[in-house]
Amino acid sequence: MTQSLELPVQEFCLDWTLTGGEGARVGITLSGQVSLLDNNRFYKIDGVVYVTEGDADIRAVGNPRISVRRNGVEKSGRQWGWEMCSARKSLGALNTMEGYFVRTGYWAPADRAIQLSLCAEQGWNRRKSYSPNVTVRMVD
């Protein structure tokens with residue numbers, strides 16, 4: 001059995017505003033922390049997504065399904081590729097309860113940072129829109 005020692009934790013926070021017809025606006029926040037485990041062999045993202053403003057406007061922006069996605073950045077600048085790291089929750093559900101998620105994965109010696117962003121899927125065709133991303137630098 002390996003010993004799981006956590007190194008210093010890096011916190012992140014991302015605010016995003018969805019807009020709809022007639023000036024409807026809903027604010028969403030993604031926050032949490034990223035840590036490296038087992039002598040930098042694995043990463044762990046522990047986060048939460050919640051609605052911060054615009055409770056009455058959720059239907060006006062289309063009540064999209066919100067999820068979190070992650071990407072990694074290596075020393076050379078090469079990226080892993082975006083991958084969903086949380087379940088999709090409707091904005092209406094996030095309005096009544098926060099959406100917690102945990103994601104773990106392999107951390108290669110060349111890895112330096114993790115990027116996180118939000119994804120909103122709307123309608124039958126699942127049209128997607130993405131928030132700006134936040135970069136969490138883990139290794140200098």
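In what follows, Lys and Arg count as positive and Asp and Glu as negative, while His and the chain ends are not counted; the place of a charge is taken as NZ of Lys, CZ of Arg, CG of Asp or CD of Glu. On that basis, the mean positions of the 17 positive and 15 negative charges of the protein chain lie 8 Å apart.

The model is a predicted one, in which local features need pLDDT of at least 70 and side-chain atom pairs count only at pLDDT 80 or more, whereas totals for chains, interfaces and linings use all residues. Residues are numbered from 1 along each chain as its sequence is written, and side-chain values use heavy atoms, with hydrogens and water left out.

## Overall architecture

The protein chain holds 1 helix and 10 strands, where helices (H or I, at least four residues) and strands (E, at least two) are DSSP runs numbered from the N terminus. Read from the N terminus on, the elements follow the order β-β-β-β-β-β-α-β-β-β-β. The C-alpha trace spans about 50 × 30 × 25 Å along its principal axes. Of the 140 residues, 44% count as buried; buried means under 20% relative accessible area, exposed over 50%, and partly exposed in between, with a 1.4 Å probe and protein chains only.

Among contacts with a separation of 6 or more, 63% are between residues 24 or more positions apart, a contact being heavy atoms within 4.5 Å. The protein chain exposes about 8000 Å², and carbon and sulfur atoms supply 47% of that area; accessible areas come from the Shrake-Rupley method with a 1.4 Å probe, and for residues only the protein chains shown count as cover.

## The nonpolar core

A nonpolar core is a set of buried Ala, Val, Leu, Ile, Met, Phe, Trp, Tyr and Cys residues joined through side-chain atoms within 4.5 Å. The largest such core in this chain has 30 residues, and those with the most contacts inside it are L30, V49, I66, L91, L116 and L118. Two or more residues each are given to this core by β1 (10–19), β2 (25–37), β3 (42–53), β4 (65–74), α1 (91–96), β8 (111–122) and β10 (134–137). The largest share, 5 residues, comes from β2.

What does V49 touch, not counting residues up to four places away in sequence? Its partners are I28, T29, L30, I66, V68, L94, E98, G99, F101 and L118. One of these, E98, has its place in the loop between α1 and β7, and counts as partly exposed at 33% relative accessibility. With residues up to four places away in sequence again left out, E98 touches V48, V49 and Y50. The C-alpha atoms of E98 and Y50 are separated by 4.9 Å, although the two residues are 48 apart along the chain.

## Salt bridges

A salt bridge is a side-chain nitrogen of Lys or Arg within 4 Å of a carboxyl oxygen of Asp or Glu, and by this rule the count comes to 5. The table lists three of these pairs.

| Pair | N to O distance |
|---|---|
| E83 and R103 | 2.1 Å |
| R88 and E121 | 3.0 Å |
| K128 and E121 | 3.9 Å |

The bridge between E83 and R103 links distant parts of the chain, since E83 is in strand β5 (residues 83–84) and R103 in strand β7 (residues 99–106), 20 residues apart. E83 counts as partly exposed, at 33% relative accessibility. R70, E83 and R103 are linked in a network of salt bridges.

R88 bridges to E121; R88 lies in the loop between β5 and β6 (89–90) and E121 in strand β8, so the pair ties together parts that are 33 residues apart in sequence. E121 counts as buried at 7% relative accessibility, whereas R88, at 37%, counts as partly exposed. K128, which also meets E121 in a salt bridge, counts as partly exposed at 42% relative accessibility.

## Backbone in the loop between β2 and β3

Most residues other than glycine have a negative phi. N40 is found in the loop between β2 and β3, and has a positive phi near 65 degrees. D38 counts as buried at 11% relative accessibility, whereas N40, at 30%, counts as partly exposed.
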